[in-house]
Amino acid sequence: MEKIKVSENLEMSRLVAGCMRMADSGLDGDGIRNFVHTCLDLGIDTFDHAPVYGASRCESLFGEEVLAKDPAIRNQMKIVTKAGIILPGQKGNQHIFYDSTKENLLNEIDQSLQRLHTDHVDLLLVHRPDVLGSHEQTAEALDEIVKSGKALNVGVSNYDPEMVAALASYLKAPLVVNQMEFSVKAVYNFFNGVIDIAQRLHTALMAWSPLGGGSVFKGEDEQSVRLRETIEKIAADHQVSMDAVMYAFLLKHPAKIMPVTGTMNTDRIRTAVESLDLELSYDEWYGILAASRGFDVP
């Protein structure tokens with residue numbers, strides 16, 4: 001498995017195991033441990049979490065069923081988690097909101113570490129931009145978290161280029177990752193400067209929902225139909241699955257995008273790994289782009 005060096009003390013597997021569906025997967029403790037061991041055996045050593053996944057149950061299950069029962073396995077993996085989303089009722093609130101204040105970020109990392117049964121995460125991301133947030137205050141929190149050793153690295157998620165640059169200007173620690181939406185259905189982040197600022201600041205990119213939420217397989221909207229026809233042909237030409245083609249679309253980009261899988265099904269994890277061996281041609285890649293947008297480039 002290819003590794004992406006995102007900082008001096010962190011190399012992440014090119015594919016990242018997303019754990020957002022762990023709580024509603026129906027897997028028991030043995031099933032969760034089998035999922036983790038399968039990922040590790042395939043070379044996927046990075047696991048993506050967030051407190052809002054399963055209303056904190058995903059972090060708790062991972063901590064209780066994996067790390068608490070086999071503490072030594074922690075040395076074999078990299079753990080990513082996030083902070084900053086407040087669900088309705090969490091603080092007596094009626095509405096979901098984003099909170100990147102220093103107090104909240106410091107509190108959330110402590111809670112995540114407790115749930116995960118670890119003394120540090122390898123990467124902490126601010127999950128969503130806080131419209132009421134202060135970049136200076138957010139930076140103070142992130143620098144303090146890194147200094148304390150509770151997170152070895154920090155980054156952001158869903159930040160546009162100006163937000164990334166603004167937060168980075170206050171930070172002592174580098175922003176090493178921006179986790180964004182990238183897929184054959186969501187190609188807008190190829191054109192809005194997200195990749196350019198990442199390359200300028202040497203910030204790695206992770207891709208959430210890399211299969212576009214699954215609508216390409218069965219959706220009847222025009223974009224899904226166009227994509228399905230195009231991807232089915234490419235998959236048949238290469239004798240691979242549609243999943244593999246959609247992952248390969250992201251893997252092709254020289255920015256070294258790291259797709260975050262969204263499945264707890266080990267067979268589909270193996271399919272994702274197989275995509276690493278699929279090299280799309282320029283014509284195939286731009287054909288998928290055209291099917292996504294509904295028109296060829298000029």
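**Exercises on salt bridges and helix packing**

At a relative accessibility of 55%, Glu279 counts as exposed. The model is predicted.

**Exercise 1.** Determine which residue Glu279 meets in a salt bridge, and where the two partners lie.

*Solution.* Step 1: the partner of Glu279 is Lys252, with an N to O distance of 2.7 Å. Step 2: Lys252 belongs to the loop between helix H9 and strand S12, and Glu279 to the loop between helix H10 and helix H11, so the pair ties together parts 27 residues apart in sequence. Step 3: Lys252 has a relative accessibility of 24% and therefore counts as partly exposed.

**Exercise 2.** Describe the salt bridges that Lys102 forms with Glu140 and with Glu144.

*Solution.* Step 1: the closest N and O atoms of Glu144 and Lys102 are 3.2 Å apart. Step 2: for Glu140 and Lys102, the closest N and O atoms are 4.0 Å apart. This pair also links helix H4 with helix H3, across 38 residues. Step 3: Lys102 is partly exposed at 25%, as are Glu140 at 39% and Glu144 at 37%.

**Exercise 3.** Classify the packing of helices H1 and H2 from the angle between them.

*Solution.* Step 1: H1 (residues 29-41) and H2 (residues 57-67) pack at about 85°, with axes 9 Å apart. Step 2: angles of 65 to 115 degrees count as roughly perpendicular, so H1 and H2 are roughly perpendicular to each other. Step 3: the contact involves Gly29, Ile32, Arg33 and Val36 of H1, and Leu61, Phe62, Glu65 and Val66 of H2. By class, five of these residues are nonpolar, one is polar and two are charged.

Terms used
Residues numbered from 1 in each chain as written. Predicted model: local features only at pLDDT ≥ 70, side-chain atom pairs only at ≥ 80, totals over all residues. Heavy atoms only, no water. Axes fitted to C-alpha atoms, helices over the stretch in contact; angles between N-to-C directions. Helix = DSSP H or I, 4+ residues; strand = E, 2+ residues; numbered from the N terminus. Parallel < 35°, antiparallel > 145°, perpendicular 65-115°, else oblique. Contact = heavy atoms within 4.5 Å. Nonpolar A, V, L, I, M, F, W, Y, C, P; charged D, E, K, R; others polar. Salt bridge = Lys/Arg side-chain N within 4 Å of Asp/Glu carboxyl O. Buried < 20%, exposed > 50% of the residue type's maximum accessible area, 1.4 Å probe, protein only.
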